[in-house]
Structure formats: structure tokens, C-alpha cells
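Hello,

Here is the model we talked about, with the sequence alongside. Please open it first, then read on for what turned up.

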Amino acid sequence: GLKNNYGQKHYFADNDITATRYGIFWYFNAGAAQMRAFENTIFVSGSNVDGISINENTYGKAYYEIEYNTIKVGNNGSVQGGNVNGISANNVYAPKISCNHVELLTNHNDPKYTAIQLNTCNTATVTNNTVRSHHANNNFYSLGIETNISDNCQITCNNVDSTNYGIYFGG
């Protein structure tokens with residue numbers, strides 16, 4: 001996958017990425033004019049995987065835009081346990097996550113699948129995304145969109161199908 005930190009302006013578009021941990025991993029880019037992932041096709045299979053992961057410390061302002069990506073994440077069945085996330089945002093101020101297609105390719109060995117996750121991401125916009133899980137049953141914990149301790153977020157016009165929890169609000 002792609003790993004980047006301390007960037008000032010990055011634009012990643014039209015890439016085909018296959019990985020075993022992260023498709024795109026961005027961290028500590030506070031102050032960047034723009035961090036944009038656009039029209040990428042990402043497949044990540046393994047234990048504890050993220051299709052796209054954006055991370056800051058203390059609400060870093062890096063102007064993240066995650067748009068028009070196709071993301072498939074899951075466990076390849078050869079490993080046991082671990083969380084699986086399509087798009088994960090942690091401590092990011094005002095991320096824009098829109099028009100993505102996220103598929104959760106589930107394996108019953110994993111404890112938690114989340115298509116789009118916001119942790120401490122104030123003023124986030126999550127709109128016009130499509131989420132699909134391949135197995136919605138009680139054997140595992142799947143969430144379409146999850147937000148935890150995130151204030152003033154706009155979550156609108158998303159389509160979530162076949163997850164245990166469509167949209168989950170925690171904290």
C-alpha cells in the first residue's frame with residue numbers, strides 16, 4: 001500500500017492497490033493544504049486491516065478528502081481475529097468522506113468489521129457513500145458507519161446494506 005506522513009499537499013488518484021495491512025495510510029499531516037485520495041481501487045486482505053487510514057494527533061487540520069474510491073476489505077481466512085475497516089479516521093478535524101463504495105468481505109473469525117469509522121473527528125462530513133457487507137448475521141460485529149466521540153458531524157445520503165448496525169453512534 002501507500003504510507004505517507006508529514007506531507008504538505010498530496011493527491012493520489014487512479015491507483016490500483018492490493019495490500020495485506022493498509023491500502024493508504026496517512027498520519028501526522030497537520031498543516032497540509034490538502035490530502036486527497038480520489039478514484040482509487042483498493043483491496044486489503046489480512047488481520048487488522050484498513051483500506052484507507054487517516055490519523056492525526058489532537059485534531060490535526062490536514063484537509064483530508066476521501067472521495068470516489070472503491071474499497072474491498074476482509075480477512076483472507078488464513079488468520080484469526082483482528083478488526084477490519086474500510087475507511088478509518090482518527091483525531092482528524094473536518095475530514096470529507098464522500099461517494100465511496102466500501103465492501104466488507106467478511107470472515108467469521110474477525111471480531112469487528114466497519115466500513116467507515118470516525119474516532120474523535122469533529123466536523124466530519126460523510127455523504128453519498130455505499131456500504132455493503134456480504135454476511136449480516138449475529139456471528140460477528142459489522143457496522144456500516146461508526147462514529148465515536150465526534151461532534152458536529154454531517155452524515156447524510158449514505159446507502160448501507162447487510163450490516164448488523166447500519167449507523168452506530170458511540171460516546
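S53 lies in strand β7, residues 49-60. Strands here are DSSP runs of E, at least two residues long; helices are runs of H or I, at least four residues long; both are numbered from the N terminus. S53 is buried, with a relative accessible area of 2%. Buried means under 20% relative accessible area, exposed means over 50%, and partly exposed falls in between (1.4 Å probe, protein chains only). Not counting residues up to four places away in sequence, S53 touches Y22, I24, F25, W26, S88 and N90. Contact means heavy atoms within 4.5 Å.

**How to read the numbers**

This is a predicted model: local features need pLDDT of at least 70, side-chain atom pairs count only at pLDDT 80 or more, and totals for chains, interfaces and linings use all residues. Residues are numbered from 1 along each chain as its sequence is written, and side-chain values use heavy atoms, with hydrogens and water left out.

**First sheet**

Six strands form an open sheet with parallel pairing, in the order β2-β5-β8-β11-β14-β17. β2 (9-13) and β17 (154-156) stand at the edges; each has a single partner strand, so one side of each is left without a neighbour in the sheet. The twist averages 5° from one strand to the next. Axes are lines fitted to C-alpha atoms (for helices, over the stretch in contact), and angles run from 0 to 180 degrees between N-to-C directions. Two strands pair if DSSP finds at least two bridges between them.

Here are the pairings in detail:

- β2 and β5 pair in the parallel sense over five bridges. H10 stands opposite M35 in β5.
- β5 and β8 pair in the parallel sense over four bridges. R36 stands opposite E65 in β8.
- Three bridges join β11 (residues 96-98) to β14 (residues 125-127), and the two run parallel. K96 stands opposite T125 in β14.

How enclosed is β5 (residues 34-38) by the rest of the structure? Five of its five residues are buried, so β5 is largely enclosed. Q34, R36 and F38 point one way from the strand, while M35 and A37 point the other way. In a regular strand the side chains alternate between the two faces of the sheet.

R36 also lies over the face of F38, at 4.2 Å from the ring centre. K61 lies over the face of Y93, at 4.7 Å from the ring centre. A charge sits over a ring if NZ of Lys or CZ of Arg is within 6 Å of the ring centre and within 35 degrees of the ring normal.

**Y64**

Y64 is in strand β8, residues 64-67. Y64 is buried, with a relative accessible area of 1%. Leaving aside neighbours within four places in sequence, Y64 has contacts that include W26, Y27, M35, I54 and V92. Y64 and V92 are 28 residues apart in sequence, yet 8.2 Å apart in space, C-alpha to C-alpha. The side chain of Y64 makes a polar contact with the side chain of E56, at 2.5 Å. A polar contact is a pair of N or O atoms within 3.5 Å; within protein, one must be able to donate a hydrogen and the other to accept it, and residues adjacent in sequence count only if both atoms are side-chain atoms.

Another open sheet has six strands in the order β3-β6-β9-β12-β15-β18, and the pairing is parallel. β3 (16-19) and β18 (159-161) stand at the edges; each has a single partner strand, so one side of each is left without a neighbour in the sheet. Neighbouring strands of this sheet are turned by 10° against each other on average, direction ignored.

- Five bridges join β6 (residues 41-45) to β9 (residues 70-74). V44 stands opposite V73 in β9.
- β9 and β12 (residues 101-105) pair over five bridges. The bridge partner of K72 in β12 is E103.
- Four bridges join β12 to β15 (residues 130-133). L104 stands opposite S133 in β15.

**Aromatic rings**

How many aromatic pairs does the structure hold? There are nine. Rings of Phe, Tyr and Trp (its six-membered ring) pair if their centres lie within 6.5 Å; planes under 30 degrees apart count as stacked, over 60 as edge-to-face and the rest as tilted. Y165 and Y168 form an edge-to-face pair: 5.9 Å centre to centre, with 80° between the planes. Y165 is partly exposed at 39% relative accessible area, and Y168 is partly exposed at 26%. Ring pairs also link Y22, F25, Y27 and F28 into a cluster.

Best wishes
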